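Open the model in your viewer and keep the selection panel at hand. The stops below say what to select next and what is there.

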Amino acid sequence: MNAALNFRLEAFEGPLDLLLSLIEKNKINIFDIPIALILEQYNEYIESAKLHDMNIAAEFIEMSARLIYIKCRMLLPRPVGEDPREELVRDLLLYAQMKNAAAYFNERYEYFSDRYEKDPEAILTEDSPEDESDFYNLFPAGILSQSLKSIIESNRDKARHYNIADKILPRRPRASVSEKYIYILRKAYGQKTLAFGDFLKVENGVVRIDDVIAALNAVLRLVMSGALICGEGNILECEFELNRKRKSKKQ
Amino acid sequence: MNILDSPFIEDLFPSIENIEAVIEALLFVSGEPVAVKEIAKILESDVNSITQAMKSCADKYNRDGRATELLILEDSAQIVVKPEYINYIRSFKKSETHQKKVFSKAAMEILSIVAYFQPVTKNYIEQVRGIDSSYTVNMLVERGFLEEKGRLDAPGKPMRYGTTHKFLRCFGLSSLADLPDRQSFAELNQEDEIEK
């Protein structure tokens with residue numbers, strides 16, 4: 001029995017996946033699961049995974065407890081027609097259905113994902129934002145970062161720091177926008193006029209892309225709220241200065 | 001009112017052929033999917049006429065054996081290049097763009113669950129899969145296959161997620177109605193005579 005169970009726990013997406021596999025291996029009728037047998041095999045599996053010093057997700061342990069609970073209820077007297085396994089069977093069936101659907105979608109993805117979509121143009125819409133914080137509809141910030149990304153991708157081999165950006169960009173940016181506000185406001189307070197480059201942190205001659213994006217976000221919000229005034233030209237050319245005439249707003 | 005009923009049709013409104021050409025022009029420029037409503041607004045027409053024109057345009061694309069095709073994605077349309085030509089595009093662009101990213105089993109399962117049950121919370125997804133799915137859901141949102149669809153009116157006001165136009169495009173669907181019937185996915189890999 002142990003030899004058959006010697007696959008790796010990592011191969012399973014979760015406890016339901018493991019249970020389905022056990023059910024299949026034992027050729028069990030899912031509508032009449034022998035709980036004692038399944039529980040025993042399930043626990044053996046968890047134990048052997050522990051022996052191999054693997055981190056078991058908490059959900060596996062939780063399922064163990066659930067199986068024990070079901071087994072207990074099976075042993076106790078219960079009203080006719082009530083089956084303590086019912087909910088588990090429903091969960092297993094739905095998950096199995098989704099697994100099969102996933103395989104189907106995977107095949108479709110293989111083919112259709114190669115459809116090529118042209119990169120978006122910067123098109124402003126007339127629609128006003130639904131709520132005040134939804135300023136992305138007014139400023140093509142998403143388009144800007146998209147353009148940045150495509151510039152970086154097309155110059156991939158040119159500079160070392162582009163490779164760093166390549167690793168950082170797919171993940172969520174680590175630079176904090178709120179920290180950027182403070183950074184920008186502090187700088188603007190001290191100087192007469194600033195350029196966008198002044199808002200960036202340069203480390204070893206390298207600029208990080210998440211820093212640029214945070215700076216972009218912060219600048220756009222500050223300009224929109226009126227705290228910062230910007231001059232003519234695109235974001236790389238224009239001058240920024242603090243709006244010293246602004247009356248302070250009570251939130 | 002159907003624009004064909006207008007007495008000023010030749011003067012003020014483009015003919016059917018021209019509507020299709022205008023649609024083609026707008027979709028080409030946009031790159032991203034464009035809502036039918038938006039095209040209808042620009043052409044000062046109604047959604048039904050535009051939808052019809054769009055379908056006719058899509059058919060023409062398919063008949064002509066072109067490399068591009070006009071996709072209808074729920075309430076929007078998009079012009080894309082057929083998958084067969086991707087390698088030429090990659091050589092042409094000389095870059096790694098549109099390198100196909102493979103999905104993990106988890107990601108596919110999550111997409112299936114969202115596709116069939118949307119809008120759903122992360123909690124529901126985790127219930128169906130039996131395991132924590134937060135990280136992968138976030139990844140799918142970032143990659144543009146899932147999007148936030150408002151919050152559930154329940155304690156904690158959890159966010160609900162649904163699929164996007166990109167999902168439809170990359171999985172060859174025109175709309176969510178095209179999803180195969182969920183029950184058609186044989187539930188078990190057993191050949192026994194199990195009665196449902």
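Begin with the largest nonpolar core of this predicted model. This core has 34 residues, and those with the most contacts inside it are Phe103(B), Leu111(B), Phe145(B), Phe167(B) and Phe171(B). Now colour the elements that give two or more residues to the core: helix H4 (86-112) of chain A, and from chain B strand E2 (68-73), H6, helix H7 (122-129), H8, strand E6 (159-163) and helix H9 (165-170). H6(B) supplies the largest share, 8 residues.

Select Phe103(B) next. Leaving aside neighbours within four places in sequence, Phe103(B) is in contact with Tyr109(A) from the other chain letter and, in chain B, with Met108(B), Leu111(B), Leu140(B), Arg143(B), Phe145(B) and Phe171(B).

Go back to chain B and show helix H6 (residues 105-117) with helix H8 (residues 134-142). Their axes come within 10 Å and cross at roughly 75°, which means that H6(B) is roughly perpendicular to H8(B). On the H6(B) side, the contact is made by Ala106(B), Ala107(B), Ile110(B) and Leu111(B); on the H8(B) side, by Thr136(B), Val137(B), Met139(B) and Leu140(B). Of these contact residues, 7 are nonpolar, 1 is polar and none is charged.

For the last stop, select Thr51(B), in helix H4 (residues 47-63) of chain B. Thr51(B) has a relative accessible area of 22%, so this residue counts as partly exposed.

Conventions: Residues numbered from 1 in each chain as written. Chains lettered and ligands numbered in written order. Predicted model: local features only at pLDDT ≥ 70, side-chain atom pairs only at ≥ 80, totals over all residues. Heavy atoms only, no water. Axes fitted to C-alpha atoms, helices over the stretch in contact; angles between N-to-C directions. Helix = DSSP H or I, 4+ residues; strand = E, 2+ residues; numbered from the N terminus. Parallel < 35°, antiparallel > 145°, perpendicular 65-115°, else oblique. Contact = heavy atoms within 4.5 Å. Nonpolar A, V, L, I, M, F, W, Y, C, P; charged D, E, K, R; others polar. Core = buried A, V, L, I, M, F, W, Y, C linked by side-chain atoms within 4.5 Å. Buried < 20%, exposed > 50% of the residue type's maximum accessible area, 1.4 Å probe, protein only.
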